[in-house]
Amino acid sequence: NHRLSGSFDYFIKNGFDLIGQTPFAPSTGISKFRGNTANTSGKGFDFVLNSQNLSGLLKWETNFLFSHIKETVSKYLIKAPAGNYLSEGSGNGIFPFEGKPLYAIYSYKWGGLDAQTGSPQGFIDNNLSNDYKGIIDNATPENLIYNGPARPTFFGAVRNTVTWKNLSLSANVSFRLGYYFRKNSVRYSSILNAQGGHGDYSKRWQIPGDELYTQVPSMPTQININRDNFYSYSEALVGKGDHIRLQDIRLDYSFSGKKLQDIFIKKLNVFVYLNNIGILWKADHSSVDPDYPYAIPPRTSPVGVKLDF
C-alpha cells in the first residue's frame with residue numbers, strides 16, 4: 001500500500017526599476033540620485049514529496065520538502081564604504097553590492113596571529129600587517145573577502161508521522177544549507193573598561209605556539225578599538241551556517257464518539273509539542289548556533305487542546 005505523491009515548481013523572479021542610488025552629474029548640485037535605478041535577479045525551485053509508507057491500524061507517513069533559491073543584485077551603480085558591507089545582521093541596514101546577493105557576509109582578510117605577540121594580523125597591499133587603522137582605512141568593497149550568502153540557498157525539512165489508533169507521534173527534521181554567519185567573540189576594549197567579556201577569553205593566545213591552536217588574539221595592555229574591530233569583522237569569525245536540526249516533536253491523542261457528539265463536539269485533540277529541540281549536525285565546529293549566533297535559541301513546549309465542533 002505504499003503511495004507517493006509530490007510536486008516540483010521552478011521559478012524565475014526578476015525585479016526591475018527598484019529603489020536604489022545612482023551617480024549624478026555634480027553640476028546639478030548633487031552627486032547621488034535615489035530613484036528606480038536598481039535590478040535584482042533570482043531563480044530557484046520548490047520540491048515536495050509525500051510518502052504513505054504504511055497503512056492500516058499502524059500508519060506511517062513521510063513528508064519531504066526541499067527548496068533552493070539563488071538571488072543576485074544585478075544592477076546597483078553606487079558602492080558604499082567598505083565598512084558598511086561588514087554590518088550585515090547588526091541592524092545598520094542593507095547595502096547592495098552589484099553581482100552579489102542582497103544579504104551577504106563580507107570580512108577582512110585574516111592573516112592569523114603573530115607568533116611572538118598573539119596580535120591579529122591582516123593585510124595591506126597583500127602584505128601582512130598589524131596596522132589596524134591602516135587595514136580599516138585601506139579597505140575597499142573590492143578587497144574585502146566575500147564569504148557568501150547570509151541566507152540559506154538550500155533549505156527544507158523531513159517530517160515522519162506514525163499513527164496507531166488515536167495516538168499520533170511526529171518528528172520534524174529541518175535543514176538549512178549554503179550560507180554563512182558571523183560569530184561573536186571577545187572585545188578587549190569592553191574587558192578593559194570593566195563592561196563584561198566573552199567566553200572566548202579563555203581561548204586567547206597567551207604564549208608562543210598558541211597560534212597553532214587558537215584564533216583568539218592575546219589581551220593587549222591598553223584599549224585599541226581598531227584592533228577589536230578588525231578581529232570582530234575578520235574571516236576568523238565567519239562560519240558556514242549549514243546545519244541539520246531536530247525542529248520539533250508532536251504527540252497527539254484524539255477523542256471522538258457519541259458522548260462528545262452529544263455536547264456538540266465532533267472531535268477533541270490533546271497534544272504536547274516540543275519546538276527547536278537541538279542541532280543534529282553543523283558544518284561549523286564552534287558551539288554557536290548558526291541561526292542564533294548572538295543568543296541562546298528559544299525552546300518551547302506548549303500543551304494544547306483542539307476542539308472541532
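About 30 Å³ of space lies in the second largest cavity. This is a predicted model, where local features need pLDDT of at least 70, side-chain atom pairs count only at pLDDT 80 or more, and totals for chains, interfaces and linings use all residues. Residues are numbered from 1 along each chain as its sequence is written, and side-chain values use heavy atoms, leaving out hydrogens and water.

Start with the term. A cavity is a set of points on a 1 Å grid over the protein atoms alone, where a 1.4 Å probe fits but cannot get out. Points are joined across faces, edges and corners, and the volume is the space filled by probe spheres set on them. The count is 2 cavities of 30 Å³ or more.

Lining residues have an atom within 4 Å of a point. Here they are Pro-120, Val-186, Tyr-188, Pro-217, Arg-227, Asp-228 and Tyr-231. Five are nonpolar, none is polar and 2 are charged. In this scheme Ala, Val, Leu, Ile, Met, Phe, Trp, Tyr, Cys and Pro are nonpolar; Asp, Glu, Lys and Arg are charged; the others, Gly among them, are polar.

Helix H4 (residues 225-232) gives the most to this lining, with 3 residues. Helices are DSSP runs of H or I with at least four residues, strands are runs of E with at least two, and both are numbered from the N terminus. At the N-terminal end of H4, Asn-224 forms a cap: a side-chain oxygen lies 3.3 Å from the backbone nitrogen of Asn-226.

Which residues of H4 are buried? They are Arg-227, Asp-228, Phe-230, Tyr-231 and Ser-232. Buried means under 20% relative accessible area, exposed over 50%, and partly exposed in between, with a 1.4 Å probe and protein chains only. The buried residues of H4 pack against strand E5 (122-124), helix H2 (132-137), strand E10 (180-182) and helix H3 (188-192).

Finish in the loops. Asp-125 sits between E5 and strand E6 (127-129). Its phi is near 55°, a positive value in a residue other than glycine. Most residues other than glycine have a negative phi. At 67% relative accessibility, Asp-125 counts as exposed.

How values were computed:
On a 1 Å grid over the protein atoms alone, a cavity is a set of points where a 1.4 Å probe fits but cannot get out, and a pocket is an open set with protein on both sides within 12 Å along at least five of seven lines; lining residues have an atom within 4 Å of a point. Contact means heavy atoms within 4.5 Å. A polar contact is a pair of N or O atoms within 3.5 Å; within protein, one must be able to donate a hydrogen and the other to accept it, and residues adjacent in sequence count only if both atoms are side-chain atoms.
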